Amino acid sequence: MSPSASPALQQQRRGFWLRTLHQWHWISSAVCLIGMLLFAVTGITLNHASKIEATPDVTNLTATMPAPVLASLGDRQEGNAPLPAAVAGWLEQELSVSIGKRQAEWSDLELYLSMPGPGADAWLSIDRETGAVEYERTNRGWVSYFNDLHKGRNAGPAWGWFLDIFAVACLVFCITGLFLLYLHGRQRRMTWPMVGLGLLVPLLIALLFIH
């Protein structure tokens, strides 16, 4: 604001910025509210992960692939490539396993497919000579599932986009909050001491207790 601006003009400008900041502040808070609750809770569960007991649930399935489906694998010898549609469709129908477009590891004797997900690990192998199929899935429970979502571990590109958008919403929420603190700081004397405390406490902990 210009020092020569009239008090009425200054008040008008202040009112404009207050309304604009309040609008962006509440919109961003509404967008990221549920996500912040999720990340706050999973921050606690991650911090105490070693104290939270979980019994993994392991599923093992076996099957034999029919010769026509096995033949659709072709003569590829090695490398990484998706499974043919006929093979992926048969696996989904026979074992209720969704393959999607995951890349399998091809060799002349076997195909190996790693299928990790949030809170779970899974793999599938196909013997190229006999058509023997083995599938194993280890489910570590809901706490592990949400912990992996917190870390973005094996959650796919859609969840990655959500994390980016959520982070931007949190930045808008924090930055507009900071400007609102600035505008209200004169009427609330403890504003900046509290902001400084929020910076000082984690800084001292990092410097003094993290080695």
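**Entry 1: the second largest pocket**

I started with the second largest pocket, which has a volume of about 340 Å³. The model is predicted, and I keep that in mind throughout. I listed the lining and got 20 residues. Pro116, Gly117, Pro118, Ala120 and Arg137 lie nearest the centre of this pocket.

Which elements supply the lining of the second largest pocket? I found β5, β6, α4 and α5, each giving at least two residues. The largest share comes from β6, with three residues. I then sorted the lining by class: ten residues are nonpolar, eight are polar and two are charged.

**Entry 2: helix α4**

Next I turned to α4, one of the elements that line the pocket. I looked up the buried residues of α4 and noted Ser144, Asn147, Asp148 and Leu149. What do the buried residues of α4 pack against? I find α1 (7-47), β5 and α5.

I also checked what comes after the helix. Gly152 follows α4, and its phi is positive, near 70 degrees.

**Entry 3: salt bridges**

I ran the salt-bridge search and counted five. Side chains of opposite charge can pair when their charged atoms come close.

I took Asp121 to begin with. Asp121 forms a salt bridge with Arg140, and the closest N and O atoms are 2.6 Å apart. Where do the two partners sit? Asp121 is in strand β5, while Arg140 is in the loop between β6 (132-139) and α4 (142-151). They are 19 residues apart, so I log this as a link between distant parts of the chain. Asp121 is partly exposed at 30% relative accessible area, and Arg140 is partly exposed at 22%.

Asp121 has another partner, Arg153, with an N to O distance of 3.6 Å. Arg153 lies in the loop between α4 and α5 and Asp121 in strand β5, so this pair ties together parts that are 32 residues apart in sequence. I read Arg153 as partly exposed, with a relative accessible area of 29%.

Arg153 also meets Asp148 in a salt bridge, at 3.0 Å from N to O. Is Asp148 buried or exposed? I get 3% relative accessibility for Asp148, and this counts as buried because the cut-off for buried is under 20%. Asp148 is one of the buried residues of α4 that I noted above.

I then traced the connections. Asp121, Arg140, Asp148, Lys151 and Arg153 are linked in a network of salt bridges.

**Entry 4: aromatic pairs**

I searched the whole structure for aromatic pairs and found eight. I wrote up two of them.

I began with Tyr112 and Trp123. Their rings are stacked, 6.1 Å centre to centre, with 20 degrees between the planes. What does this pair tie together? Tyr112 lies in strand β4 (residues 110-114) and Trp123 in strand β5 (residues 120-127), so the pair joins parts that are eleven residues apart in sequence. Tyr112 is partly exposed, at 30% relative accessible area. Trp123 is also partly exposed, with 23%.

I moved on to Phe162 and Phe166. This pair is stacked as well, 6.0 Å centre to centre, with 20 degrees between the planes. Both residues sit in helix α5 (residues 156-184). They are four residues apart there, so about one helical turn separates them. An α-helix has 3.6 residues a turn, so residues three or four places apart point the same way. Phe162 is partly exposed at 33% relative accessibility, whereas Phe166 is buried at 12%.

I closed with the backbone. Most residues other than glycine have a negative phi, and most peptide bonds are trans. I noted two residues that go the other way on phi.

Ser96 is not a glycine, yet it has a positive phi of about 55 degrees. I place Ser96 in the loop between α3 (85-95) and β3 (103-106). Ser96 counts as exposed, at 65% relative accessibility.

Asn154 has a positive phi of about 55 degrees and is not a glycine. I locate Asn154 in the loop between α4 and α5. Asn154 counts as partly exposed, with 33% relative accessibility.

Terms used. Residues numbered from 1 in each chain as written. Predicted model: local features only at pLDDT ≥ 70, side-chain atom pairs only at ≥ 80, totals over all residues. Heavy atoms only, no water. Phe/Tyr/Trp six-rings, centres within 6.5 Å; stacked < 30°, edge-to-face > 60°. Buried < 20%, exposed > 50% of the residue type's maximum accessible area, 1.4 Å probe, protein only. Salt bridge = Lys/Arg side-chain N within 4 Å of Asp/Glu carboxyl O. Contact = heavy atoms within 4.5 Å. 1 Å grid on protein atoms, 1.4 Å probe; cavity = no way out; pocket = protein on both sides within 12 Å on 5 of 7 lines; lining within 4 Å. Points joined across faces, edges and corners; volume = space filled by probe spheres on them. Nonpolar A, V, L, I, M, F, W, Y, C, P; charged D, E, K, R; others polar.
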